[in-house]
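Welcome! Let's take a friendly walk through a protein structure, one place at a time. Keep the picture open beside you as you read.

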Amino acid sequence: MHRKSTAGKLLVGSAALVCLSVCAVAVSTEAEGSVDPAAPAVSVAPVVPAAAGPMRLSSPDGAVTAAEISSFRGYVQGLEPAADNIGNNWAQGHSGEETKAMGVVYELGHDRPVLDRMIGYCDAVLSERNDLAPAPVGHHVLWTGKADPAWPNDVTTKPIGTGGEQGDPVGHLANCARLILQTPALAKAPVTGGDPHKYGATYLDRAKRYVAEADTAVDHHILARLLDVSRGGKQYFAADSPYKGGQPVPWNQQMMFDYAFQNLAVAHELLADSPQRVKRYDQLVQASVDWFFKAVRTYTDAKGHPAYDWAYAPLDGGKEDNDHGSLDAAGLYRAYLSGRYGITAAKLAPLANTFADVMTKGAGHYAGRIDGTDGSGNSAPTTYVRSGWLLTAEFRPDVYHAWLAVDLPGNTTTAVDRFSRALLVKSRRSPRP
């Protein structure tokens, strides 16, 4: 397996760390413009708690600006983390999307208050883990017969099941730890918000605790009981799982697990504490993305571009829908940015073509399925570009401005996922310093 590393080594305390900057960019010092309160905001479900806003792009073009980072910072300071994972709050729900967005924006601007807000969210999600949280949030006996280290999304079922949503909380902890470890100047500094949960007084201590607790969830639930990876690392749910027992894990849920494994691999590499875990986690992500690219059917779309056709899950029939397809695209893009799994721009360009050429029926009309047809629910058409698809604009620069005009009308939005990912794609279009 070929892995690309852009690491330069340095020491933090007694731990040898590797500084691996995936997509940090220079932030210009453009003055912050005023926010037009009359500018239309894009609605997003589920509704997030009240916050300052909307967030504003200075421009769709050029380097990410200090004003844009400040706009995001001000918005997320008014948000509060969810009290549990009921309804997937920490996965596709508002707290999950907010945590991921904070990670993206911190990596772009290295704005410490954004990282501190992300740490507050990660403290919250860790404290809500089933084995750590008091009742009624925690201490539920799950389908495994124990109060496993997991985040159930519905405690009214008998037995209480778990699924792909378990990947995201672990991914948040690992991603935050990775970002801290890639900022060695913070290592010995006390965390700005203090240490209310006793997870570690310094940034380095907090990162180490997050990694250890993420490993615990993997070791004692995800790989111990939930997943069967005995088929060359391919992800299947355990035969006795009440959710899709014995079946392949749907692609969007594999991306949740990959989010956890990918960031844990990098975090352990930075800590230089467990080469075995680095190898194991990387192997699992590699098996997942390789399976995806072998499973998709490549065809030439009506505009003469290569496009992809795939289903909701491996070995499944039908057509992937707009909603889950966006999650698929986001996960693959995350793995692409890491440079670790052999994913090239050429491999991801057909995703962009699928949305731009097949699913786009007109400005503000995007098909509910990847073959251009519509249905209901997750297969219903949208009037906006879901943020996973928005990331693929990197590979179709001809549609970038049109997609941003739809998702950020007047250069504003109250959707943290769209704003953060718009900044990311914008940064990737700017000349590297």
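## A proline and its neighbours

Let's begin with Pro152, which touches Asn85, Ile86, Asn130, Leu142, Ile160 and Gln166, leaving aside residues up to four places away in sequence. Please keep in mind that this is a predicted model. You can find Pro152 in the loop between helix 3 (112–127) and helix 4 (167–181).

Is Pro152 buried or exposed? Its relative accessibility is 5%, and buried means under 20%, so Pro152 counts as buried.

## Helix 4 beside helix 6

Two packed helices are described by the angle between their axes and the distance between the axes. For helix 4 and helix 6, the axes come within 8 Å and cross at roughly 30°. Angles under 35 degrees count as roughly parallel, so helix 4 is roughly parallel to helix 6. The crossing of these two helices is left-handed.

Which residues of helix 4 and helix 6 meet? On the helix 4 side they are Gly167, Asp168, Val170, Gly171, His172, Ala174, Asn175, Arg178 and Leu181. Their partners in helix 6 are Met256, Phe257, Tyr259, Ala260, Asn263, Leu264, Val266, Ala267, Leu270 and Leu271. Sorted by class, this contact has 12 nonpolar, 5 polar and 2 charged residues.

## The nonpolar core

Now look at the largest nonpolar core, which has 116 residues. Phe72, Val170, Phe261, Trp310 and Leu348 are the ones with the most contacts inside it. Helix 6 (residues 251–271) supplies the largest share of this core, with 11 residues.

Phe261 is worth a click. Not counting residues up to four places away in sequence, Phe261 touches Val218, Ile222, Leu223, Leu227, Gln235, Tyr281, Leu284 and Val285.

## Helix 2 beside helix 12

Here is another helix pair to find. The axes of helix 2 (residues 94–109) and helix 12 (residues 416–429) come within 9 Å, crossing at roughly 25°. With that angle, helix 2 is roughly parallel to helix 12. Their crossing is left-handed.

Helix 2 makes the contact through Glu97, Glu98, Lys100, Ala101, Val104, Val105 and Leu108. Helix 12 brings Val416, Asp417, Ser420, Arg421, Leu423, Leu424 and Ser427. By class, the contact of helix 2 with helix 12 has 7 nonpolar, 2 polar and 5 charged residues.

Note on methods:
Residues are numbered from 1 along each chain as its sequence is written. This is a predicted model: local features need pLDDT of at least 70, side-chain atom pairs count only at pLDDT 80 or more; totals for chains, interfaces and linings use all residues. Side-chain values use heavy atoms; hydrogens and water are left out. Axes are lines fitted to C-alpha atoms, for helices over the stretch in contact, and angles run from 0 to 180 degrees between N-to-C directions. Helices (H or I, at least four residues) and strands (E, at least two) are DSSP runs, numbered from the N terminus. Angles under 35 degrees count as roughly parallel, over 145 as roughly antiparallel, 65 to 115 as roughly perpendicular and the rest as oblique. A crossing is left-handed if the near helix is turned anticlockwise from the far one by less than a right angle, and right-handed if clockwise. Contact means heavy atoms within 4.5 Å. Ala, Val, Leu, Ile, Met, Phe, Trp, Tyr, Cys and Pro count as nonpolar, Asp, Glu, Lys and Arg as charged, and the others, Gly among them, as polar. A nonpolar core is a set of buried Ala, Val, Leu, Ile, Met, Phe, Trp, Tyr and Cys residues joined through side-chain atoms within 4.5 Å. Buried means under 20% relative accessible area, exposed over 50%, partly exposed in between (1.4 Å probe, protein chains only).
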